[in-house]
Every structure is written in C-alpha cells, then in structure tokens.
Amino acid sequence: MKRSLLDILCCPVCKGDLALDVLKEDETGIIEGTLTCTRCSVAYPISDGIPDLLPRTESHH
Amino acid sequence: MKKIPLSVIFDPDQVYQPETDTYLLLDVALKEFRSGDRILEIGTGSGYIAAGIMGLIQSQLEGNDESSFVVGTDINPHAVRCAREKGVEVVRTRLFDGLRGSFDLIVFNPPYLPTLDEEKIDDWLEYALDGGPDGRAVLSRFAKEVGMVLAPGGRVLLLISSLTGEEAVIENFTKLSYKVEIVTKRRVFDEELIVLRIRKNESFN
C-alpha cells in the first residue's frame with residue numbers, strides 16, 4: 001500500500017486514527033507492517049501490501 | 001518453513017471473474033470519470049473495474065492527473081490479492097468499515113442475487129453473489145453507510161439486476177434523500193442489468 005492510503009483508512013470498529021509501523025517497504029509502497037488504532041489499540045496487519053481491516057475478534061480465514 | 005509470498009497465493013475459483021455486469025459497469029464508470037476524481041470501488045473482486053479506471057487515468061491523461069486515484073476494497077482475501085496483482089491499491093474490509101472519506105466517485109457491483117439460507121454455498125464467492133433472501137441485504141447496508149464517505153457533489157454508480165427489484169432499490173435510496181437516475185439497462189438472458197447513478201440530494205435539508 002502507498003503511504004498516502006493512510007489518509008483514507010481508519011479503525012473498522014471505532015473509526016479511530018491508525019498509526020503506521022513499517023516492517024518492509026519498497027518502491028511500490030509498504031509491503032509488511034502494522035496499523036494500530038490510536039483509540040482502541042487494536043493492531044491490523046499489512047501483509048503483501050494489503051492492509052487487513054477486518055475486526056480482529058471475528059474469525060476470517 | 002520458508003514463507004511463500006501470499007500475494008501469489010489466491011484461488012481464482014474463489015474470486016468473481018468479469019462477466020457482462022462487470023463490463024457494463026466499467027463502460028459507465030469510464031464515461032463518468034472526471035479528472036481529479038478520488039475513486040472507491042467497493043467489492044472490487046478481480047479488480048477488473050478498478051484496473052480499467054486506472055488505465056484510463058494513466059493513458060488518457062498521460063499521467064498528469066496527480067490528484068485522481070483509485071482504491072478497491074473487498075472482504076474476500078482471494079479477491080484483494082487478485083486485484084492487487086492487477087496493480088490496484090486494495091484494502092481488505094467489509095463495505096466502508098475501515099474507510100474514511102471522502103470520495104468523488106464510488107462504484108459498486110454488489111452481491112444482488114436473492115439467496116435463501118439453504119442455497120448458501122459457504123465459500124468466499126458467496127460474498128460476491130449472495131444478496132440475502134430479497135437480494136438487497138448488502139445494498140441496504142451500503143445505502144445507509146455510503147453517505148459517510150461520499151464527497152459533496154459525489155456520485156455513486158451502482159449495478160443492480162431486475163432480480164434485485166429495481167423499484168425497491170431506488171426507493172431505498174430516495175428514502176435516504178438521494179437522487180437516483182437510471183444510466184443504462186441491458187438485457188442478459190432472463191434478467192435485466194441496470195446501472196444507477198446516485199447522488200446526494202443537495203437541496204434537501
């Protein structure tokens with residue numbers, strides 16, 4: 001994901017701001033990392049360039 | 001164990017592949033696009049429509065259009081990977097859950113087939129097809145939530161089918177004080193595909 005995408009993302013549960021932690025980045029953008037809700041502290045993974053903003057409490061494969 | 005990049009692992013059988021409805025909605029979206037539009041495709045599936053719009057932005061405007069962008073979402077992990085392979089910026093989320101505005105053009109080819117519980121197939125493709133008992137379950141939620149991310153003056157392009165109940169869908173949006181226009185209709189076998197353009201009724205307070 002491109003860094004600019006962060007502007008349009010929020011926590012899917014409480015709509016809070018997300019803080020970005022980057023583990024791996026290349027010319028296409030962020031490949032691996034974490035988006036953590038600054039309000040409810042839930043962490044959402046970015047893997048293979050795709051932020052996964054499904055509530056963590058639900059079980060999705 | 002060696003980690004295999006997940007982006008290459010997706011099951012195409014679990015992703016809705018482009019069909020007549022996809023092509024019809026892309027045609028309309030390409031005509032609707034205006035330079036500078038911030039575009040969101042909900043339920044991007046294979047990413048065919050989002051990638052098609054990106055192609056227009058890049059070719060027609062020769063890359064000078066810095067402000068336009070396209071983002072696709074899907075709940076289906078196979079779909080987001082498939083769309084990303086096409087170069088689409090994707091977010092895995094349910095409808096608008098992980099998103100904040102605002103967008104000038106929102107495109108949605110929703111799951112609209114009336115589906116009874118006993119007809120459910122319980123796989124990821126189900127999310128692309130299953131519109132609940134009346135075909136409008138996801139559409140109702142979409143109608144309630146789209147206003148949160150639609151920019152003032154923004155447009156929604158929505159594909160529905162005669163199987164979904166055209167009148168009921170339109171009524172659902174007009175009740176929420178949206179203005180609905182029929183852009184085009186196309187008959188495909190025993191159903192008719194309909195593309196609606198939906199806007200906030202700016203004069204309504």
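Trainee: Which residues are linked in a network of salt bridges?

Mentor: In this predicted model, opposite charges are the place to start, because side chains of opposite charge can pair when their charged atoms come close. The residues linked in a network of salt bridges are Glu32(B), Asp37(B), Arg155(B), Glu181(B), Arg197(B) and Arg199(B).

Trainee: How many residues apart are Glu32(B) and Arg197(B), which form a salt bridge?

Mentor: The closest N and O atoms of Glu32(B) and Arg197(B) are 2.9 Å apart, and a salt bridge requires such atoms within 4 Å. Glu32(B) lies in helix α1 of chain B and Arg197(B) in strand β7 of chain B, so that the pair links distant parts of the chain.

Trainee: Is Arg197(B) buried or exposed?

Mentor: Buried means under 20% relative accessible area, and Glu32(B), the partner of Arg197(B) in the salt bridge, is buried at 8%. Arg197(B) has a relative accessible area of 19%, and because this value is under 20%, Arg197(B) counts as buried.

Trainee: Which strand of chain B holds Arg199(B), the partner of Glu181(B) in a salt bridge?

Mentor: The side chains of Glu181(B) and Arg199(B) meet with an N to O distance of 2.5 Å, and both residues count as partly exposed, Glu181(B) at 27% relative accessibility and Arg199(B) with a relative accessible area of 24%. The two are 18 residues apart, with Glu181(B) in strand β6 of chain B and Arg199(B) in strand β7.

Trainee: How many bridges join strand β6 of chain B to β7(B)?

Mentor: The two strands form a hairpin with 2 residues between them, and Phe189(B) in the turn has a positive phi of about 50°. Within the pairing, Val180(B) of chain B stands opposite Ile198(B) in β7(B). Strand β6(B), residues 178-188, runs antiparallel to β7(B), and the number of bridges joining them is 10.

Trainee: Which helix of chain B holds Glu166(B), the residue that meets Lys185(B) in a salt bridge?

Mentor: The N to O distance in the salt bridge between Lys185(B) and Glu166(B) is 3.2 Å. Lys185(B) is partly exposed, with a relative accessible area of 39%, whereas Glu166(B) is buried at 16%.

Trainee: Which element gives the largest share of the lining of the largest pocket?

Mentor: About 870 Å³ of space lies in the largest pocket, and of the 49 residues that line the pocket, the closest to its centre include Tyr127(B), Ala128(B) and Leu129(B). Elements of chain B that give two or more residues to this lining include α1, β1, α4 (126-129) and β7. The largest share, 4 residues, comes from α4(B).

Trainee: How many charged residues does the lining of the largest pocket have?

Mentor: Dividing the lining by class gives 23 nonpolar and 14 polar residues. The remaining class in that lining is the charged one, and the number of charged residues is 12.

Trainee: Which residue of chain A is among the closest to the centre of the second largest pocket?

Mentor: The second largest pocket holds about 580 Å³ of space, and its lining divides into 8 nonpolar, 6 polar and 6 charged residues. In chain B, α2 and β2 each supply at least two residues of the lining. Of the 20 lining residues, the closest to the centre include Ser68(B), Phe69(B), Val70(B) and Glu89(B), and, from chain A, Lys2(A).

Technical notes:
Residues numbered from 1 in each chain as written. Chains lettered and ligands numbered in written order. Predicted model: local features only at pLDDT ≥ 70, side-chain atom pairs only at ≥ 80, totals over all residues. Heavy atoms only, no water. 1 Å grid on protein atoms, 1.4 Å probe; cavity = no way out; pocket = protein on both sides within 12 Å on 5 of 7 lines; lining within 4 Å. Points joined across faces, edges and corners; volume = space filled by probe spheres on them. Nonpolar A, V, L, I, M, F, W, Y, C, P; charged D, E, K, R; others polar. Pairing = 2+ DSSP bridges. Buried < 20%, exposed > 50% of the residue type's maximum accessible area, 1.4 Å probe, protein only.
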